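Trainee: I have a structure open and would like to walk through it. Can we start with how the strands are put together?

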Amino acid sequence: QLHPDHLYHLATAQEWAAYQAAGAIGPGSLTTEGFVHCSWGRQVAGTLERHFAGVTGLLALQLDAAAFGGVDLVEEDSYGSGQAFPHAYGPIPADAVVAVVPVA
């Protein structure tokens, strides 16, 4: 069960395994856009619908922003969607993941 006010990053089981091995969440968006996409729990359903339609085996990695170290978390509307999403400007330590919830 996702908590509406908790912070999440969506990943496949394979991505999560790779993040654990690397010790940090550093998806392609970090290179191409400069940040890691995150969602508040209340935004996850919309994010799944918009960006992950038909994808199975997805996990919501619940994050503790206090464990991000020096990585800034900024809420912004990067795409003009009318909704601000949290973005982490740097790799998120894998230790910041406090729960893993299957979502799709």
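**Sheet and pocket**

Mentor: This is a predicted model. β1 pairs with strand β5 (residues 58–63) in the antiparallel sense, over 6 bridges.

Trainee: Which residue stands opposite Gln62 in β5?

Mentor: Tyr8 is the one facing Gln62.

Trainee: How many strands form the open sheet, and in what order?

Mentor: There are 4 strands, ordered β4-β1-β5-β9, with antiparallel pairing. β4 (39–40) and β9 (97–102) are at the edges; each has a single partner strand, so one side of each lacks a neighbour in the sheet.

Trainee: And the helices? Which strands does α1 touch?

Mentor: α1 packs on the sheet and touches β1, β5 and β9. Its direction makes about 110 degrees with that of β1.

Trainee: What about α3, which strands does that one lie across?

Mentor: α3 lies across β1, β4 and β5. Relative to β1, α3 runs at about 30 degrees.

Trainee: Switching topic. What volume does the largest pocket have?

Mentor: About 480 Å³. Its lining consists of 22 residues.

Trainee: Which elements give two or more residues to that lining?

Mentor: β1 (7–12), α1 (13–22), α3 (44–51) and β7 (85–89).

Trainee: Which residues lie nearest the pocket centre?

Mentor: His37, Cys38, Thr47, His51 and Phe52.

Trainee: How many of the lining residues are nonpolar, polar and charged?

Mentor: By class, the lining has 8 nonpolar, 10 polar and 4 charged residues.

Definitions and conventions. Residues are numbered from 1 along each chain as its sequence is written. This is a predicted model: local features need pLDDT of at least 70, side-chain atom pairs count only at pLDDT 80 or more; totals for chains, interfaces and linings use all residues. Side-chain values use heavy atoms; hydrogens and water are left out. On a 1 Å grid over the protein atoms alone, a cavity is a set of points where a 1.4 Å probe fits but cannot get out, and a pocket is an open set with protein on both sides within 12 Å along at least five of seven lines; lining residues have an atom within 4 Å of a point. Grid points are joined across faces, edges and corners, and a volume is the space filled by probe spheres set on the points. Ala, Val, Leu, Ile, Met, Phe, Trp, Tyr, Cys and Pro count as nonpolar, Asp, Glu, Lys and Arg as charged, and the others, Gly among them, as polar. Two strands pair if DSSP finds at least two bridges between them. Contact means heavy atoms within 4.5 Å. Axes are lines fitted to C-alpha atoms, for helices over the stretch in contact, and angles run from 0 to 180 degrees between N-to-C directions.
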